[in-house]
Amino acid sequence: GKVRLVVHINGVAILCNNGKAFFDVTVVEGATIHLPADRACPVAAFEGLIHRIGPNSRQVKAFMSSKGKPSTSCPERLIQGPHHDNSPNFTDDKANSSMGVEFVSHKVTPSGYSIRNDTTENEEMRSWDFQASNDGKIWTTLKQHKQDESLRGAFAVASFAIDAANDERQAYCFFRILMTGSNRRGLSHCLMCSGLEIFGSYIMF
């Protein structure tokens, strides 16, 4: 019969079947990944929990309130990680547009997050809420942004800490960006975003 050995290395399980090793999506409970020191670094800003668990593991799912047309926008572009495919990713021009992720088998206690603009240079987000939920229906706002100019330029990156007072050290399965105002030009409610990453601690459930 097959021999299956599991070895944990840096929070990732390596499975060995008959001498052949391959990565599995299992993670060690209680692991923590902190916001990078350089919060504008386009690589480090996207090496958080989604990157650790693996966007292709089926344990992280992305979603968006609508797909902008005409375009090839898709939720998966939100979890591309440190590298992107140079493609636009945006919702329809509707108020309260949103994009987010679901951790299928984990609960996350967030300490910060990163976002990345898409190809546009004049329709960046300016007002939005970063929210969390455990059922995808009832949302808690963890951080509010009003006329925030952190994102400026194509594929611009910004990272933000979440205040402990707002966080209350609760763990969640769903996270989303909810637009609460028009974009930089003030003419549209299209949510332009090609990347989301979460930092903090996580456990399996």
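**Exercise 1.** Which backbone oxygen lies 2.7 Å from a polar atom of the side chain of Ser194? Place Ser194 in the chain and describe its surroundings.

*Solution.* Keep in mind that we are working with a predicted model.

- Step 1: Start with the location. Ser194 sits in the loop that links strand S11 (174-179) and strand S12 (195-204).
- Step 2: Look for the oxygen. The one at 2.7 Å from a polar side-chain atom of Ser194 is the backbone oxygen of Asn117.
- Step 3: List the neighbours. Leaving aside residues up to four places away in sequence, Ser194 touches Arg77, Leu78, Gln80, Asn89, Arg116, Asn117, Asp118 and Phe155.
- Step 4: Decide between buried and exposed. Ser194 has a relative accessibility of 0%, so this residue counts as buried, since the cut-off for buried is under 20%.

**Exercise 2.** Which strands pair with S11, and how many of the residues of S11 are buried?

*Solution.* Let's take the partners in turn.

- Step 1: Strand S6 (residues 98-103) runs antiparallel to S11, joined by five bridges. Here Ser98 stands opposite Leu178.
- Step 2: Strand S8 (residues 128-133) is also antiparallel to S11, with six bridges. Phe174 in S11 is the bridge partner of Ser133.
- Step 3: Now check the cover. Six of the six residues of S11 are buried: Phe174, Arg176 and Leu178 on one side, Phe175, Ile177 and Met179 on the other.

**Exercise 3.** Which residue in S10 stands opposite Tyr113?

*Solution.* 

- Step 1: Find the pairing. S7 (residues 106-116) and S10 are antiparallel, with five bridges.
- Step 2: Read off the partner. Tyr113 faces Phe160 in S10.
- Step 3: In S10 (residues 157-161), four of the five residues are buried.

Technical notes:
Residues are numbered from 1 along each chain as its sequence is written. This is a predicted model: local features need pLDDT of at least 70, side-chain atom pairs count only at pLDDT 80 or more; totals for chains, interfaces and linings use all residues. Side-chain values use heavy atoms; hydrogens and water are left out. Buried means under 20% relative accessible area, exposed over 50%, partly exposed in between (1.4 Å probe, protein chains only). Helices (H or I, at least four residues) and strands (E, at least two) are DSSP runs, numbered from the N terminus. Two strands pair if DSSP finds at least two bridges between them. A polar contact is a pair of N or O atoms within 3.5 Å; within protein, one must be able to donate a hydrogen and the other to accept it, and residues adjacent in sequence count only if both atoms are side-chain atoms. Contact means heavy atoms within 4.5 Å.
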